[in-house]
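Subject: Structure handover

Hi there,

Here is the structure I promised to pass on. Please have it open while you read, as my notes follow below.

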Amino acid sequence: MSNVMAAITTSVDGYVTGPNDGPGCGLGVGGERLHYWVFGGPWTYEEPGRGEPVGEDKQWLEGAVETAGAVIGGRGTYEAAGHWGASNPFGVPFFIVTHRPDEQAERGDVNFVGSLEEATARAQDAAGDKYVYVMGGADVIRQALDAGYVDELSIIIAPVTLGAGKRLFDGFTKSLVLEHIGVRQSPFATFIDYRVKR
């Protein structure tokens, strides 16, 4: 069975988005700074051009892409990202967890499912011997951690404080025991990898 990996970027003060996240502003006001590591430096929603990751950022991202067999995400993230322009940005089967799976027709490798349990089972079948990656939003990652699905957790800390927005662990009451398995650092992020102990 495929291992499940959850990864998300957070600010130093614990926010995974700035305030007012949504379509056209997926990471919220000021949240672009969370993903400077993804685009090789500063970018904004207003400017169409995006750079490429470099150094440690590129290595981490390429490693994730190479080991991914399927991806799970939340409907809110899917909407905030503008459906990624009606394409699958991951190149592997993508499962969107939503309370309204019947409202959107499945598009090849983008699948809408009504529960995280179903998404995880289908993603593990699709991934084969590769990882299942659970991405944003924070709610889907919290649910996956709470259900005991996550084998590894990567917290990517951007060197910024946002002061408001959505936090990864808001409302999370379960105690997790984590084993530190690695750390990388770049000018734009610190990547901390943990094994989730059962």
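How many of the seven residues of strand β7 (residues 152-158) are buried? Six of them are, so β7 is largely enclosed by the rest of the structure. Buried here means under 20% relative accessible area, exposed means over 50%, and partly exposed lies in between, with a 1.4 Å probe and protein chains only. Helices (H or I, at least four residues) and strands (E, at least two) are DSSP runs numbered from the N terminus.

A word on the source: this is a predicted model, in which local features need pLDDT of at least 70 and side-chain atom pairs count only at pLDDT 80 or more, while totals for chains, interfaces and linings use all residues. Residues are numbered from 1 along each chain as its sequence is written, and side-chain values use heavy atoms, with hydrogens and water left out.

**Strand pairing**

Two strands pair if DSSP finds at least two bridges between them. β7 runs parallel to strand β1 (residues 4-11), joined to it by seven bridges, and Ser11 stands opposite Ala158. With strand β10 (residues 190-196), β7 pairs in the antiparallel sense over six bridges; there Glu152 faces Arg195.

β1 also pairs with β6, in the parallel sense and over three bridges, with Val4 opposite Val132.

Helix α2 (residues 55-67) has 13 residues, so at 1.5 Å a residue it should span 18 Å, and its end C-alpha atoms, 19 Å apart, agree with that. The expected span is 1.5 Å times one less than the number of residues. Asp57, Trp60 and Ala64 are buried in α2. They cover an arc of only 70° around the axis, which puts them on the same side of the helix; the arc is that of the directions from the helix axis to the C-beta atoms. On the face turned away from this buried side, α2 carries the exposed residues Val65 and Glu66.

Asp129 sits in the loop between α4 (116-127) and β6 (131-134), and its 78% relative accessibility counts as exposed. Its C-alpha atom is 9.0 Å from that of Thr67, though the two residues are 62 apart along the chain.

Thr120, in helix α4, is buried, with a relative accessible area of 5%. Leaving aside residues up to four places away in sequence, Thr120 touches Val4, Ile72 and Tyr149, where contact means heavy atoms within 4.5 Å.

**Aromatic rings**

The whole structure holds ten aromatic pairs. In one of them, the rings of Phe90 and Phe94 have centres 4.9 Å apart and planes at 75°, so this pair is edge-to-face. Rings of Phe, Tyr and Trp (its six-membered ring) pair if their centres lie within 6.5 Å; planes under 30 degrees apart are stacked, over 60 edge-to-face, and the rest tilted. Phe90 is partly exposed at 32% relative accessibility, whereas Phe94 is buried at 1%. Trp60 of the buried side of α2 also forms one aromatic cluster with Trp37 and Phe191.

Two arginines sit over ring faces: Arg50 over Phe39, at 5.7 Å from the ring centre, and Arg167 over Tyr15, at 4.1 Å. The criterion is NZ of Lys or CZ of Arg within 6 Å of the ring centre and within 35 degrees of the ring normal.

Best wishes
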